[in-house]
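Colleague: Could you take me through this complex? I would like to start with the protein interface and then turn to the DNA.

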Protein chains: 2
Amino acid sequence: MSNATIYDIAREAGVSIATVSQVINGKGKISDKRRQEIYRIMEELNYRPSVIASALTGKSTFTLGLLIPDISNPFFAEMARAVEDCGSRSKYSLVICSTDNKDEKVSGYLELLQQKSVDGIIIGTGVEDRDLLTPLLHKSIPIVMIAREMPGIQLPTVIVDDYAGGKKAAEHLLGLRHRSMAIITEPTKVSSSRERLRGFRDAIMSQGLELPDEMVKKTGENLLKDGKSRALELLAGSNPPSAIFCCNDLIAIGTLQAAKELGIRVPEQLSIVGFDNTILASVTEPALTTISQPTEKMGSIAVETLIRLLEGDSTAEEQARTILTPELVIRSSTASAFAGSEAHP
Amino acid sequence: MSNATIYDIAREAGVSIATVSQVINGKGKISDKRRQEIYRIMEELNYRPSVIASALTGKSTFTLGLLIPDISNPFFAEMARAVEDCGSRSKYSLVICSTDNKDEKVSGYLELLQQKSVDGIIIGTGVEDRDLLTPLLHKSIPIVMIAREMPGIQLPTVIVDDYAGGKKAAEHLLGLRHRSMAIITEPTKVSSSRERLRGFRDAIMSQGLELPDEMVKKTGENLLKDGKSRALELLAGSNPPSAIFCCNDLIAIGTLQAAKELGIRVPEQLSIVGFDNTILASVTEPALTTISQPTEKMGSIAVETLIRLLEGDSTAEEQARTILTPELVIRSSTASAFAGSEAHP
DNA sequence: TTGAAAGCGTTACCAG
DNA sequence: CTGGTAACGCTTTCAA
C-alpha cells in the first residue's frame, strides 16, 4: 500500500494538482468550499506531501547535519540533544555524523550531506585541513561552527571563550596555592584545547610561574584511556604536579582513575579540574570541579543562526561570532595545595 | 556557485544524460574511452549526483531514522553510535529522533521520517499506543525494534533478555543474603522495565520471599532526579530495604546520591545494582554493579536486519527476533547484606 | 554502444 | 479563483 500522491488528491477532489498544491502551501486564492473539501480528502487518504519531491523543486529538505567527534561522548550527546530540540521546533531534523576528529570522515560526511541536499550544517569537530571546507563555502550551503573554531575561515561561530576557561581553571588552582601544575589536552587539531592550554599557561605565567613542557600532555582519540595513561606518566614522574587541569571531563575521569590506581588521594594529594560539566562530572567521587559550557544555549544559538542564514538573513551571514562565557563549577576534586601535607612544617 | 548536474556532465562530454547515468551506476555497456572521459569530467566539475533526484525515481535515500527516548542518555548515545557506525559502512546516514518516551513525539517523528522517505526506521523507544505503528506497517517501510518490545505487533526485534537480566540482579543480591529488596523502574510503558521487574520479582519469589508493592517504585521521565526521589522515599521509609535494583544506571546514580545524602554507606549499608553498564557505571564511587547489554552488537544487528529487509530478504522479514544475553558486571556497589551490621549479634 | 523520452511528486508561472 | 504545463535531476526502457 503505497502513499497517496498529490494526483490522487486532485483526482478525488475533481481539481487539478495545481489547486491542491496551492491549498497545501496556503497560496493563491481558493474558494473556501474547495479548500475544505481538499483538506477533507487529504485527511481521508492520509496524504503527506513528499519532502523529496518538494525539495527537488528547490525547496528545503528540512534536514540539518551535525558533525561532532563522537555522539557517545556525553558532552556532544548533550549538545546534539539541544540542537535536535531547537531544530525540531522549526521542523528540521538532524543527521548525526561522528567524525572521530578524522579529516577523512569529515570530508566523507560533508560530501554526503551535500549530496543529500541538507539545508545547513553545524560543525562541532576539529578540522585540520581547512581546504576541506572551502569547496563547501562556494556551494552556498550554510555552515555554522559550534564549540570549535576554524581559524582562517570566516564562518558564523558559537563558542565559549576557551581561553578564559583555561585561565579560570588556572586561577582557581593558583588560588588554592598550587605551584606545580600540569595539563592534559586533546589532540592539537582541536582548537578549543589549544585555547584552553593558552589560557591556562598565560594565567600561570602571569604569576611568575612556569608551565614546563613535560607538564603538558596530549591524548589521542581515546580520551578516557589516554587520559589515564598521560596522568599515570605525570604522576609517576620524578616531579609529580599537585594539580592537573584536564581539557575535558573524560580526561579528568581518566586522571581520577590513574590517581586511584596509584593510591593518590584526590583532592588531598592531587587536585583535578575538568572541562564541560557533563553529567559525568557530577557522578564521580569525588565529584569533579570543572569548567561548564552552556551546552543548551550553544546548541540553540547555533541552530537559530543557521536558520537565519537559510532564510537569507545576511546580517547573520558575516561572522556572527557568539562567544559565551564558561563558568567554574567547584565540586570536590580540588583543594588547597597543602591539604595533603598538613604534617609538613 | 551551484552544483553541477548530470546535464552539465553530458554536455561537456558530448553525450546524453542517459549515458552519464549509466556510467554512474555501472550499468549498460559504455565504451571504455567514453567511460574514462566521463569520469574525468565528473572529477573536473566535482560532480556529485543528487540523492534527492535519484530517490524521486524510486531509489534509496540512504537514510535511516533512529527513535530513542533521549540521545543525551549515555545508553542511547552509545547505541546510536553503534547504529551510526554500522549504517555508515553501508552508506546510510542516521537521523536522530529523541522522543522522551512521548507518544505524540513518536508519531510526529514517524510521520516526518515517512515524508522524508527514509529507507528504514529503528525504534528503541517505548510506544504506548500500538496503533501508532500500524499505519507504518502498511506503508511497507521496514522497521526494526531495538532494546524495546512491541507486544502485539510482529516486528523484527533485537533485545537483551530483560527478564533474565532482572533475574540475574535478584540472584546476585540473594546470593549476598539480602532479604529485603526494592526496585525502581522506568515508567510502565517501557517494556524492558516491565520485564526486568518480572524477572526480579520471580527470582525473589522463587526463594519464598516477597516483593511487596511498597518496594516497587517508578520514575517519571527525569531518570536521575526521579530515581533520587524514589530512593529517598524507600530509604526514609519505616522499613528501608538493604538492596535496591535500579532499572538503569541513571536511576542507580540517583539512588547513590540519595544514599549519600542520607549518610547511608554503599555498599556496606545499602547495595545498589544498575542496568546498562554505560560509562556512567564505571565512574561513580563506588563503581556500580550493573547488568550489561551488548550495545554495540545490538546496534549492528539491528542495522543489518534492517538492511536485509531493504534488500527484500523476506527471511529477515518474519520476526527475526534476536535475543542477546545480559551479563552481570560486579563492581563495588554491592556487598553482603550483613557487611554494614557486623557489630550486631 | 548510445540516445530519446517518459516518469518520479512537487512547485510556480502564466493564462483564462 | 482555477488549471495547464514546464521544470527540478535523475533512472530506466525501448529503439536505433
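Modeller: What follows covers the contact between the protein chains and then each DNA strand, in a predicted model.

Colleague: How much area is buried between chain A and chain B?

Modeller: The contact draws 53 residues from chain A and 53 residues from chain B. Carbon and sulfur atoms give 57% of the buried area. The area itself is about 4,500 Å².

Colleague: How many salt bridges cross the interface of chain A and chain B?

Modeller: Two pairs show the pattern. B:Lys260 meets A:Glu285 at 2.9 Å, N to O. B:Arg81 pairs with A:Asp70, with the closest N and O atoms also 2.9 Å apart. Across the interface of chain A and chain B, the count is 8 salt bridges.

Colleague: Where in chain A does A:Asp70, the partner of B:Arg81, sit?

Modeller: This pair crosses between chains. B:Arg81 lies in helix α5 (residues 74-89) of chain B. A:Asp70 is in the loop between β1 (63-68) and α5 of chain A.

Colleague: How many residue pairs are in polar contact between chain A and chain B?

Modeller: Both residues of a pair must be at pLDDT 80 or more. With that condition, the count is 22 residue pairs.

Colleague: By class, what makes up the side of chain A that touches chain B?

Modeller: Several elements of chain A each supply at least two residues, among them α5 (74-89), β2 (93-98) and α11 (249-262). By class, this side has 24 nonpolar, 16 polar and 13 charged residues.

Colleague: In β2(B), which residue is the bridge partner of A:Ile96?

Modeller: β2(A) is joined to strand β2 (residues 93-98) of chain B by 3 bridges. The two strands run antiparallel. The partner of A:Ile96 is B:Leu94.

Colleague: Which element gives the most to the surface near DNA strand D?

Modeller: α2 (17-24) of chain A supplies at least two residues, as do α1 (6-13), α2 (17-25) and α4 (51-56) of chain B. The surface divides into 12 nonpolar, 11 polar and 4 charged residues. With 4 residues, the top contributor is α2(B).

Colleague: And DNA strand C: what share of its atoms within 4 Å of the protein belongs to sugar or phosphate?

Modeller: A polar side-chain atom of A:Lys27 is 2.9 Å from a phosphate oxygen of DNA strand C. For A:Asn25, a polar side-chain atom is 3.3 Å from a phosphate oxygen. B:Ser31 uses a backbone N or O atom, 2.9 Å from a phosphate oxygen. Bases make up the rest; the sugar or phosphate share is 69%.

Colleague: By class, which residues form the surface near DNA strand C?

Modeller: Those that come nearest include A:Ile6, A:Thr57 and B:Arg34. The surface has 11 nonpolar, 11 polar and 5 charged residues.

Notes. Residues numbered from 1 in each chain as written. Chains lettered and ligands numbered in written order. Predicted model: local features only at pLDDT ≥ 70, side-chain atom pairs only at ≥ 80, totals over all residues. Heavy atoms only, no water. Contact = heavy atoms within 4.5 Å. Buried area = accessible area lost by both parts, 1.4 Å probe. Salt bridge = Lys/Arg side-chain N within 4 Å of Asp/Glu carboxyl O. Polar contact = N/O pair within 3.5 Å; in protein donor to acceptor, adjacent residues only side chain to side chain. Nonpolar A, V, L, I, M, F, W, Y, C, P; charged D, E, K, R; others polar. Pairing = 2+ DSSP bridges. Near = heavy atom within 4 Å.
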